[in-house]
Amino acid sequence: MRKQVALITGVTGQDGSYLAEFLLEKGYEVHGIKRRASLFNTARVDHIYQDPHIKDPKFYLHYGDLTDSSNLTRILSETKPTEVYNLGAMSHVAVSFESPEYTADVDGIGTLRLLESIRFLGLEKTTKFYQASTSELYGLVQEIPQRETTPFYPRSPYAVAKLYAYWITVNYREAYGMYACNGILFNHESPRRGETFVTRKITRGLSNIALGLEQCLYMGNVDSLRDWGHAKDYVRMQWMMLQQEKPEDFVIATGIQYSVRQFIDMAAQELGISLRWEGLGVEEKAYVAAISGNKAPGIQVGQVVVAIDPRYFRPSEVETLLGDPSYAKTKLGWEPQITLQEMIAEMVASDLQQAQQHALLKNQGYDVVVSKE
Ligand code: NDP
Ligand code: GDR
(Lines give C-alpha, C1' and ligand atoms only; values in the text may rest on other atoms or scores of the structure.)
(Ligands and ions follow the chains in the order given, each with its own letter.)
Protein backbone atom coordinates (compact mmCIF):
# COMPACT_ATOMS: atom_id res chain seq x y z
CA MET A 1 0.00 0.00 0.00
CA ARG A 2 1.16 3.54 -0.77
CA LYS A 3 2.60 5.45 2.21
CA GLN A 4 0.00 7.83 3.67
CA VAL A 5 1.39 11.37 3.64
CA ALA A 6 -0.61 14.37 4.84
CA LEU A 7 0.11 18.06 4.33
CA ILE A 8 -1.68 20.42 6.72
CA THR A 9 -1.83 24.17 6.23
CA GLY A 10 -2.59 25.92 9.53
CA VAL A 11 -0.89 23.14 11.52
CA THR A 12 -0.02 25.61 14.31
CA GLY A 13 -3.72 26.43 14.83
CA GLN A 14 -6.35 24.75 17.00
CA ASP A 15 -7.60 22.23 14.42
CA GLY A 16 -4.20 21.73 12.78
CA SER A 17 -2.66 20.59 16.04
CA TYR A 18 -5.45 18.09 16.84
CA LEU A 19 -5.47 16.80 13.26
CA ALA A 20 -1.68 16.32 13.22
CA GLU A 21 -1.93 14.29 16.47
CA PHE A 22 -4.79 12.23 15.03
CA LEU A 23 -2.98 11.45 11.75
CA LEU A 24 0.30 10.59 13.48
CA GLU A 25 -1.62 8.09 15.63
CA LYS A 26 -3.01 6.58 12.42
CA GLY A 27 0.54 6.07 11.12
CA TYR A 28 0.65 8.94 8.62
CA GLU A 29 3.75 10.91 7.76
CA VAL A 30 2.61 14.45 8.56
CA HIS A 31 3.92 17.68 7.06
CA GLY A 32 2.72 21.03 8.33
CA ILE A 33 3.15 24.57 7.07
CA LYS A 34 4.05 27.16 9.68
CA ARG A 35 4.49 30.90 9.19
CA ARG A 36 7.62 32.75 10.07
CA ALA A 37 6.99 34.87 13.19
CA SER A 38 9.23 36.97 15.40
CA LEU A 39 8.31 34.80 18.40
CA PHE A 40 7.90 31.01 18.63
CA ASN A 41 4.42 30.17 17.28
CA THR A 42 4.42 26.38 17.61
CA ALA A 43 3.10 26.02 21.18
CA ARG A 44 0.16 23.86 20.06
CA VAL A 45 2.39 21.31 18.30
CA ASP A 46 5.54 21.43 20.45
CA HIS A 47 4.50 18.21 22.22
CA ILE A 48 4.52 16.28 18.91
CA TYR A 49 7.61 17.98 17.49
CA GLN A 50 10.23 15.46 16.40
CA ASP A 51 13.90 16.34 16.28
CA PRO A 52 14.82 16.20 12.56
CA HIS A 53 18.06 14.47 13.58
CA ILE A 54 16.27 11.31 14.76
CA LYS A 55 15.97 8.36 12.41
CA ASP A 56 12.86 8.36 10.22
CA PRO A 57 10.84 11.23 11.75
CA LYS A 58 7.10 11.25 11.03
CA PHE A 59 6.32 14.93 11.67
CA TYR A 60 7.86 17.75 9.64
CA LEU A 61 7.34 21.52 9.70
CA HIS A 62 7.97 23.71 6.64
CA TYR A 63 8.01 27.49 6.51
CA GLY A 64 5.34 28.80 4.18
CA ASP A 65 2.37 31.02 3.57
CA LEU A 66 -0.89 30.74 1.67
CA THR A 67 -0.08 34.02 -0.08
CA ASP A 68 3.06 32.51 -1.68
CA SER A 69 2.38 30.26 -4.71
CA SER A 70 5.96 29.25 -5.42
CA ASN A 71 6.45 28.24 -1.80
CA LEU A 72 3.28 26.11 -1.84
CA THR A 73 4.28 24.50 -5.13
CA ARG A 74 7.74 23.64 -3.81
CA ILE A 75 6.40 22.09 -0.59
CA LEU A 76 3.80 20.06 -2.52
CA SER A 77 6.40 18.91 -5.00
CA GLU A 78 8.83 17.84 -2.24
CA THR A 79 6.27 16.10 -0.03
CA LYS A 80 3.85 14.65 -2.65
CA PRO A 81 1.06 14.30 -0.12
CA THR A 82 -1.74 11.76 -0.54
CA GLU A 83 -4.02 14.11 1.44
CA VAL A 84 -3.97 17.91 1.78
CA TYR A 85 -5.93 19.57 4.60
CA ASN A 86 -6.32 23.30 3.96
CA LEU A 87 -6.93 24.63 7.48
CA GLY A 88 -4.77 27.76 7.20
CA ALA A 89 -6.77 30.99 7.32
CA MET A 90 -7.17 34.41 8.87
CA SER A 91 -9.97 32.85 10.86
CA HIS A 92 -11.28 35.69 13.04
CA VAL A 93 -14.57 37.09 11.74
CA ALA A 94 -14.31 40.44 13.58
CA VAL A 95 -10.70 40.97 12.43
CA SER A 96 -11.73 40.32 8.81
CA PHE A 97 -13.63 43.64 8.87
CA GLU A 98 -10.33 45.35 9.73
CA SER A 99 -8.26 43.40 7.17
CA PRO A 100 -10.67 42.46 4.38
CA GLU A 101 -8.17 42.41 1.53
CA TYR A 102 -5.65 40.24 3.38
CA THR A 103 -8.45 37.90 4.45
CA ALA A 104 -9.61 37.52 0.83
CA ASP A 105 -6.04 36.82 -0.27
CA VAL A 106 -5.34 34.14 2.34
CA ASP A 107 -8.75 32.52 2.81
CA GLY A 108 -10.06 32.83 -0.77
CA ILE A 109 -7.15 33.03 -3.22
CA GLY A 110 -4.93 30.96 -0.90
CA THR A 111 -7.26 28.01 -1.51
CA LEU A 112 -7.03 28.54 -5.27
CA ARG A 113 -3.22 28.69 -5.04
CA LEU A 114 -3.11 25.29 -3.33
CA LEU A 115 -5.55 23.66 -5.75
CA GLU A 116 -3.76 25.10 -8.76
CA SER A 117 -0.37 23.95 -7.46
CA ILE A 118 -1.74 20.42 -7.06
CA ARG A 119 -2.98 20.53 -10.66
CA PHE A 120 0.20 22.15 -12.00
CA LEU A 121 2.27 19.33 -10.47
CA GLY A 122 -0.02 16.68 -11.99
CA LEU A 123 -1.10 15.47 -8.53
CA GLU A 124 -4.82 16.05 -9.08
CA LYS A 125 -5.62 12.35 -9.49
CA THR A 126 -3.51 11.17 -6.54
CA THR A 127 -3.90 13.89 -3.91
CA LYS A 128 -7.15 14.27 -1.96
CA PHE A 129 -8.07 17.77 -0.81
CA TYR A 130 -10.01 18.93 2.25
CA GLN A 131 -11.23 22.53 2.48
CA ALA A 132 -12.08 24.05 5.88
CA SER A 133 -15.43 25.58 5.01
CA THR A 134 -17.63 27.17 7.61
CA SER A 135 -21.13 27.72 8.94
CA GLU A 136 -20.38 31.44 8.47
CA LEU A 137 -21.34 30.82 4.81
CA TYR A 138 -24.99 30.68 6.00
CA GLY A 139 -24.65 34.12 7.64
CA LEU A 140 -28.08 35.71 7.37
CA VAL A 141 -29.82 32.42 7.83
CA GLN A 142 -32.29 31.28 5.14
CA GLU A 143 -33.41 28.05 6.82
CA ILE A 144 -33.27 26.55 10.33
CA PRO A 145 -31.46 24.24 10.92
CA GLN A 146 -28.82 24.66 8.22
CA ARG A 147 -27.95 21.65 6.08
CA GLU A 148 -25.89 20.94 2.94
CA THR A 149 -28.66 22.35 0.69
CA THR A 150 -29.36 25.58 2.64
CA PRO A 151 -28.57 28.70 0.53
CA PHE A 152 -25.55 30.76 1.58
CA TYR A 153 -25.67 34.45 2.61
CA PRO A 154 -22.23 35.48 3.94
CA ARG A 155 -22.10 38.43 6.33
CA SER A 156 -18.39 39.30 6.70
CA PRO A 157 -15.26 39.63 4.56
CA TYR A 158 -14.15 36.34 6.16
CA ALA A 159 -17.33 34.56 5.08
CA VAL A 160 -17.22 36.03 1.56
CA ALA A 161 -13.61 34.86 1.16
CA LYS A 162 -14.61 31.40 2.42
CA LEU A 163 -17.49 31.37 -0.08
CA TYR A 164 -14.96 31.72 -2.91
CA ALA A 165 -12.89 28.92 -1.37
CA TYR A 166 -15.98 26.71 -1.11
CA TRP A 167 -16.92 27.13 -4.76
CA ILE A 168 -13.40 26.88 -6.17
CA THR A 169 -13.08 23.55 -4.33
CA VAL A 170 -16.34 22.35 -5.92
CA ASN A 171 -15.14 23.64 -9.28
CA TYR A 172 -11.83 21.74 -9.19
CA ARG A 173 -13.75 18.59 -8.28
CA GLU A 174 -16.12 19.02 -11.22
CA ALA A 175 -13.62 20.38 -13.77
CA TYR A 176 -10.62 18.13 -13.11
CA GLY A 177 -12.14 15.14 -11.34
CA MET A 178 -10.18 15.93 -8.18
CA TYR A 179 -11.08 14.28 -4.89
CA ALA A 180 -11.82 17.62 -3.25
CA CYS A 181 -14.43 18.30 -0.59
CA ASN A 182 -15.74 20.89 1.81
CA GLY A 183 -16.41 20.29 5.47
CA ILE A 184 -18.97 22.92 6.45
CA LEU A 185 -18.05 23.02 10.10
CA PHE A 186 -19.99 24.83 12.78
CA ASN A 187 -18.09 26.47 15.67
CA HIS A 188 -15.77 24.10 17.50
CA GLU A 189 -13.70 24.88 20.53
CA SER A 190 -11.21 23.38 22.99
CA PRO A 191 -8.57 24.44 25.51
CA ARG A 192 -6.42 25.17 22.42
CA ARG A 193 -8.92 27.69 21.00
CA GLY A 194 -7.43 31.13 20.22
CA GLU A 195 -7.84 33.45 23.23
CA THR A 196 -9.94 36.05 21.38
CA PHE A 197 -12.73 33.74 20.19
CA VAL A 198 -15.75 34.07 22.41
CA THR A 199 -15.65 30.72 24.28
CA ARG A 200 -11.98 30.93 25.22
CA LYS A 201 -12.30 34.63 26.04
CA ILE A 202 -15.00 33.63 28.53
CA THR A 203 -13.31 30.59 30.14
CA ARG A 204 -9.97 32.38 30.38
CA GLY A 205 -11.42 35.72 31.48
CA LEU A 206 -13.65 34.21 34.19
CA SER A 207 -10.79 32.03 35.46
CA ASN A 208 -8.56 35.11 35.77
CA ILE A 209 -11.37 37.03 37.51
CA ALA A 210 -11.99 34.12 39.89
CA LEU A 211 -8.41 34.45 41.11
CA GLY A 212 -8.37 38.26 41.18
CA LEU A 213 -6.05 38.65 38.16
CA GLU A 214 -8.72 40.60 36.23
CA GLN A 215 -11.79 42.49 37.38
CA CYS A 216 -14.37 42.39 34.59
CA LEU A 217 -14.97 40.71 31.25
CA TYR A 218 -16.11 43.06 28.45
CA MET A 219 -18.30 41.35 25.86
CA GLY A 220 -20.13 42.11 22.60
CA ASN A 221 -23.43 40.54 21.50
CA VAL A 222 -24.29 38.04 24.26
CA ASP A 223 -27.61 37.14 22.55
CA SER A 224 -25.83 35.59 19.62
CA LEU A 225 -26.70 31.88 19.17
CA ARG A 226 -24.19 29.23 18.18
CA ASP A 227 -23.91 25.45 17.73
CA TRP A 228 -20.67 24.63 19.58
CA GLY A 229 -18.82 21.31 19.34
CA HIS A 230 -15.38 20.05 20.38
CA ALA A 231 -12.45 20.39 17.93
CA LYS A 232 -11.30 16.81 18.62
CA ASP A 233 -14.61 15.40 17.35
CA TYR A 234 -14.48 17.64 14.29
CA VAL A 235 -10.94 16.81 13.10
CA ARG A 236 -11.86 13.10 13.15
CA MET A 237 -14.60 14.00 10.71
CA GLN A 238 -12.19 15.92 8.47
CA TRP A 239 -10.20 12.72 8.01
CA MET A 240 -13.34 10.58 7.52
CA MET A 241 -14.45 12.85 4.67
CA LEU A 242 -11.30 11.97 2.72
CA GLN A 243 -11.76 8.19 3.19
CA GLN A 244 -14.98 7.86 1.12
CA GLU A 245 -15.38 6.42 -2.33
CA LYS A 246 -16.65 9.70 -3.76
CA PRO A 247 -15.84 13.26 -2.60
CA GLU A 248 -18.82 15.06 -1.07
CA ASP A 249 -19.47 18.12 1.11
CA PHE A 250 -20.78 17.63 4.67
CA VAL A 251 -22.24 19.79 7.43
CA ILE A 252 -20.59 19.03 10.77
CA ALA A 253 -22.45 20.26 13.84
CA THR A 254 -24.00 19.05 17.09
CA GLY A 255 -27.59 20.11 16.27
CA ILE A 256 -27.85 21.90 19.64
CA GLN A 257 -27.78 25.68 20.10
CA TYR A 258 -26.92 27.97 23.03
CA SER A 259 -26.51 31.72 23.43
CA VAL A 260 -23.24 33.41 24.37
CA ARG A 261 -24.98 34.44 27.62
CA GLN A 262 -25.77 30.78 28.41
CA PHE A 263 -22.15 29.87 27.71
CA ILE A 264 -21.05 32.56 30.19
CA ASP A 265 -23.47 31.19 32.83
CA MET A 266 -22.25 27.61 32.33
CA ALA A 267 -18.56 28.60 32.54
CA ALA A 268 -19.30 30.64 35.68
CA GLN A 269 -21.14 27.65 37.24
CA GLU A 270 -18.07 25.52 36.56
CA LEU A 271 -16.13 27.98 38.75
CA GLY A 272 -18.82 27.87 41.44
CA ILE A 273 -20.11 31.35 40.56
CA SER A 274 -23.84 32.10 40.08
CA LEU A 275 -24.51 35.19 37.97
CA ARG A 276 -27.45 37.60 37.97
CA TRP A 277 -28.03 39.56 34.74
CA GLU A 278 -29.45 43.08 34.91
CA GLY A 279 -30.08 45.87 32.41
CA LEU A 280 -30.58 45.78 28.66
CA GLY A 281 -28.29 46.24 25.64
CA VAL A 282 -25.06 48.12 26.40
CA GLU A 283 -26.38 48.76 29.96
CA GLU A 284 -26.44 45.03 30.63
CA LYS A 285 -24.18 43.60 33.34
CA ALA A 286 -23.77 40.31 35.19
CA TYR A 287 -23.21 40.42 38.96
CA VAL A 288 -21.97 37.64 41.22
CA ALA A 289 -25.10 36.42 43.04
CA ALA A 290 -23.47 33.58 44.99
CA ILE A 291 -20.21 31.68 45.21
CA SER A 292 -19.80 28.02 46.15
CA GLY A 293 -16.63 25.95 46.59
CA ASN A 294 -13.13 27.37 46.61
CA LYS A 295 -12.35 27.91 42.94
CA ALA A 296 -13.02 31.66 43.03
CA PRO A 297 -11.22 33.18 46.01
CA GLY A 298 -10.48 36.44 44.12
CA ILE A 299 -14.07 37.74 43.79
CA GLN A 300 -16.92 38.89 45.99
CA VAL A 301 -20.70 38.62 45.93
CA GLY A 302 -22.05 41.75 44.21
CA GLN A 303 -18.99 42.25 41.99
CA VAL A 304 -19.76 43.10 38.35
CA VAL A 305 -17.90 40.44 36.36
CA VAL A 306 -19.40 40.90 32.88
CA ALA A 307 -20.23 44.18 31.11
CA ILE A 308 -21.09 45.02 27.50
CA ASP A 309 -18.67 47.02 25.36
CA PRO A 310 -19.94 48.13 21.91
CA ARG A 311 -16.35 47.75 20.64
CA TYR A 312 -17.01 44.01 20.36
CA PHE A 313 -20.11 44.32 18.17
CA ARG A 314 -19.58 43.57 14.49
CA PRO A 315 -20.63 45.79 11.55
CA SER A 316 -22.91 42.94 10.44
CA GLU A 317 -23.61 40.04 12.77
CA VAL A 318 -24.51 36.40 12.29
CA GLU A 319 -27.24 36.17 14.93
CA THR A 320 -28.05 32.48 14.86
CA LEU A 321 -26.46 29.27 13.64
CA LEU A 322 -27.77 25.75 14.14
CA GLY A 323 -26.52 22.84 12.05
CA ASP A 324 -28.22 19.65 10.95
CA PRO A 325 -25.53 16.94 10.91
CA SER A 326 -27.89 14.11 9.82
CA TYR A 327 -26.20 13.53 6.46
CA ALA A 328 -22.79 13.03 8.14
CA LYS A 329 -24.44 10.72 10.67
CA THR A 330 -26.20 8.58 8.04
CA LYS A 331 -23.47 8.52 5.43
CA LEU A 332 -20.35 8.38 7.59
CA GLY A 333 -21.63 7.18 10.93
CA TRP A 334 -20.16 10.28 12.59
CA GLU A 335 -21.52 11.52 15.90
CA PRO A 336 -19.97 14.05 18.26
CA GLN A 337 -18.79 12.37 21.47
CA ILE A 338 -18.02 15.35 23.72
CA THR A 339 -20.92 17.41 25.13
CA LEU A 340 -20.81 21.19 25.59
CA GLN A 341 -20.84 20.75 29.39
CA GLU A 342 -17.83 18.41 29.21
CA MET A 343 -16.01 20.79 26.90
CA ILE A 344 -16.64 23.79 29.16
CA ALA A 345 -15.35 21.79 32.15
CA GLU A 346 -12.19 20.94 30.20
CA MET A 347 -11.64 24.53 29.04
CA VAL A 348 -12.23 26.01 32.50
CA ALA A 349 -9.91 23.45 34.14
CA SER A 350 -7.15 24.31 31.71
CA ASP A 351 -7.57 28.09 32.00
CA LEU A 352 -7.93 27.91 35.78
CA GLN A 353 -4.66 26.00 36.00
CA GLN A 354 -2.93 28.74 33.98
CA ALA A 355 -4.50 31.43 36.16
CA GLN A 356 -3.34 29.57 39.30
CA GLN A 357 0.24 29.60 37.99
CA HIS A 358 0.00 33.36 37.37
CA ALA A 359 -1.57 33.96 40.78
CA LEU A 360 1.20 31.98 42.47
CA LEU A 361 3.88 34.09 40.78
CA LYS A 362 2.01 37.28 41.67
CA ASN A 363 1.74 36.22 45.32
CA GLN A 364 5.49 35.62 45.34
CA GLY A 365 6.01 39.26 44.29
CA TYR A 366 6.68 38.73 40.56
CA ASP A 367 5.17 41.09 37.99
CA VAL A 368 2.38 39.26 36.14
CA VAL A 369 0.77 40.87 33.10
CA VAL A 370 -2.20 39.05 31.62
CA SER A 371 -2.56 39.71 27.86
CA LYS A 372 -5.92 41.17 26.81
CA GLU A 373 -7.49 42.53 23.64
P1 NDP B 1 -6.87 29.02 13.99
O2 NDP B 1 -7.03 30.49 13.86
O3 NDP B 1 -6.64 28.42 15.34
O4 NDP B 1 -5.68 28.56 13.04
C5 NDP B 1 -5.46 29.13 11.78
C6 NDP B 1 -4.14 28.63 11.24
O7 NDP B 1 -3.90 29.25 9.97
C8 NDP B 1 -2.92 28.97 12.11
O9 NDP B 1 -2.00 27.91 12.05
C10 NDP B 1 -2.35 30.19 11.40
O11 NDP B 1 -0.96 30.39 11.62
C12 NDP B 1 -2.60 29.79 9.94
N13 NDP B 1 -2.52 30.92 9.02
C14 NDP B 1 -3.03 32.16 9.17
N15 NDP B 1 -2.71 32.92 8.11
C16 NDP B 1 -1.96 32.14 7.28
C17 NDP B 1 -1.29 32.37 6.05
N18 NDP B 1 -1.32 33.57 5.46
N19 NDP B 1 -0.64 31.36 5.49
C20 NDP B 1 -0.57 30.13 6.10
N21 NDP B 1 -1.15 29.86 7.27
C22 NDP B 1 -1.85 30.86 7.86
O23 NDP B 1 -8.16 28.36 13.32
P24 NDP B 1 -8.89 26.97 13.64
O25 NDP B 1 -7.88 25.93 13.87
O26 NDP B 1 -9.95 27.20 14.63
O27 NDP B 1 -9.64 26.70 12.26
C28 NDP B 1 -9.04 25.95 11.21
C29 NDP B 1 -9.72 26.28 9.90
O30 NDP B 1 -11.10 25.95 9.97
C31 NDP B 1 -9.67 27.75 9.50
O32 NDP B 1 -9.57 27.81 8.09
C33 NDP B 1 -11.02 28.30 9.94
O34 NDP B 1 -11.37 29.40 9.15
C35 NDP B 1 -11.90 27.10 9.68
N36 NDP B 1 -13.06 26.96 10.52
C37 NDP B 1 -12.94 26.99 11.89
C38 NDP B 1 -14.03 26.78 12.70
C39 NDP B 1 -13.92 26.80 14.19
O40 NDP B 1 -14.97 26.93 14.85
N41 NDP B 1 -12.73 26.66 14.78
C42 NDP B 1 -15.36 26.48 12.11
C43 NDP B 1 -15.36 26.45 10.66
C44 NDP B 1 -14.25 26.66 9.92
P45 NDP B 1 -0.43 31.18 12.95
O46 NDP B 1 -0.47 30.15 14.06
O47 NDP B 1 0.94 31.58 12.55
O48 NDP B 1 -1.37 32.32 13.17
P1 GDR C 1 -17.47 33.21 15.11
O2 GDR C 1 -16.76 33.00 16.52
O3 GDR C 1 -17.55 34.63 14.71
O4 GDR C 1 -18.76 32.45 15.18
O5 GDR C 1 -16.43 32.50 14.13
P6 GDR C 1 -16.50 33.95 17.76
O7 GDR C 1 -16.21 33.05 18.89
O8 GDR C 1 -15.51 35.02 17.45
O9 GDR C 1 -17.94 34.67 17.97
C10 GDR C 1 -19.10 33.93 18.26
C11 GDR C 1 -20.23 34.89 18.59
O12 GDR C 1 -19.95 35.51 19.85
C13 GDR C 1 -20.24 36.90 19.72
N14 GDR C 1 -19.47 37.67 20.71
C15 GDR C 1 -18.14 37.80 20.76
N16 GDR C 1 -17.18 37.27 19.98
C17 GDR C 1 -15.87 37.54 20.29
N18 GDR C 1 -14.90 36.99 19.56
N19 GDR C 1 -15.54 38.38 21.32
C20 GDR C 1 -16.49 38.95 22.12
O21 GDR C 1 -16.18 39.70 23.04
C22 GDR C 1 -17.85 38.64 21.83
N23 GDR C 1 -19.03 38.99 22.42
C24 GDR C 1 -20.00 38.39 21.74
C25 GDR C 1 -19.86 37.24 18.28
O26 GDR C 1 -20.42 38.47 17.89
C27 GDR C 1 -20.42 36.01 17.57
O28 GDR C 1 -21.77 36.19 17.30
C29 GDR C 1 -15.81 31.26 14.49
C30 GDR C 1 -14.42 31.23 13.83
O31 GDR C 1 -13.72 30.11 14.31
C32 GDR C 1 -14.54 31.13 12.32
O33 GDR C 1 -13.24 30.91 11.76
C34 GDR C 1 -15.45 29.95 11.97
O35 GDR C 1 -15.59 29.87 10.58
C36 GDR C 1 -16.80 30.11 12.66
O37 GDR C 1 -16.59 30.18 14.06
C38 GDR C 1 -17.71 28.92 12.38
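1. Helix α1 gives the largest share of the shell around ligand 1, namely three residues. Helices here are DSSP runs of H or I with at least four residues, strands are E runs of at least two, and both are numbered from the N terminus. Please keep in mind that this is a predicted model, in which local features need pLDDT of at least 70, side-chain atom pairs count only at pLDDT 80 or more, and totals for chains, interfaces and linings use all residues. Residues are numbered from 1 along each chain as its sequence is written, while chains are lettered from A and ligands numbered from 1 in the order in which they are written.

2. Staying with ligand 1, there are 26 residues around it, and G10, G13, G88, A89 and A132 come nearest. A residue is near a molecule if its C-beta atom, placed from the backbone, lies within 6 Å of it. Both α1 (14-25) and β5 (128-134) supply at least two residues of this shell. By class, the shell around ligand 1 holds 14 polar, nine nonpolar and three charged residues. Nonpolar covers Ala, Val, Leu, Ile, Met, Phe, Trp, Tyr, Cys and Pro; charged covers Asp, Glu, Lys and Arg; the others, Gly among them, are polar.

3. Now to ligand 2: it has 23 residues around it, with V93, T134, V198, G220 and S224 nearest. The elements giving two or more residues to this shell are α3 (93-98) and α6 (198-210). The shell around ligand 2 is made up of ten nonpolar, eight polar and five charged residues.

4. Where does ligand 2 lie relative to domain 1 and domain 2? Domain 1 (5-185) and domain 2 (198-225 + 259-318 + 339-363) both contribute residues to its shell, so ligand 2 lies between them. The domain bounds come from an automatic or database domain assignment.

5. There is also an open sheet of four strands, in the order β8-β15-β14-β13 and with mixed pairing. Strands β8 (217-219) and β13 (273-278) are at the edges with a single partner each, so one side of each has no neighbour in the sheet. Two strands pair if DSSP finds at least two bridges between them. Strands β14 (residues 285-291) and β15 (residues 304-308) pair in the antiparallel sense over three bridges, and Y287 stands opposite V304 in β15.
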